[in-house]
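Hi,

Here's the structure I promised to pass along. Have a look, and my notes follow below.

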Amino acid sequence: MAITVKNINGTPASKCKCGSWLDHWDKFSGLQTGTCRVVGCNTSAEVGAHVQRAGSSDWYIIPVCKTHNACTEVLKVNDLTTFISANVQETCAKKI
């Protein structure tokens, strides 16, 4: 089974305190990055992509390769993918 997502291109101005969006995913997922989460891709994940799940307006970060990060079409990702909020107010900028 796969989850349909849309890559949100053009988010370079979006920042977090983690150093990179891939570091953000690592920190808040508690998992190892490993490979790109796009179904059928076995390339190492190199970046944290901003995506929207089908039917959602929320933005999430998932690990993908640079090729899939540049895609503008809908992508299918592994259904075991952990989606981490891209809203830094809920994660790395959250006041404790």
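A polar contact here is a pair of N or O atoms within 3.5 Å; within protein, one must be able to donate a hydrogen and the other to accept it, and residues adjacent in sequence count only if both atoms are side-chain atoms. This is a predicted model, where local features need pLDDT of at least 70, side-chain atom pairs count only at pLDDT 80 or more, and totals for chains, interfaces and linings use all residues. Numbering starts from 1 along each chain as its sequence is written, and side-chain values use heavy atoms, with hydrogens and water left out.

Ser29 first. It sits in helix H1 (residues 21-29); helices are DSSP runs of H or I with at least four residues, strands are E runs of at least two, numbered from the N terminus. A polar atom of the Ser29 side chain lies 2.8 Å from the backbone oxygen of Trp25, and the Ser29 side chain also reaches the backbone nitrogen of Leu31 at 3.0 Å. Ser29 counts as buried because its relative accessibility is 17% (buried is under 20% relative accessible area, exposed over 50%, partly exposed in between, with a 1.4 Å probe and protein chains only). Beyond four places in sequence, Ser29 is in contact (heavy atoms within 4.5 Å) with Thr82 and Ile84.

Now the cores, meaning sets of buried Ala, Val, Leu, Ile, Met, Phe, Trp, Tyr and Cys residues joined through side-chain atoms within 4.5 Å. The largest nonpolar core has 16 residues, and Val51 and Phe83 are among those with the most contacts inside it. Strands E1 (2-7), E2 (47-53), E3 (60-64) and E4 (74-78) each give it two or more residues. Another core, of 10 residues, lies apart from it and includes Cys16 and Ile61.

Cheers
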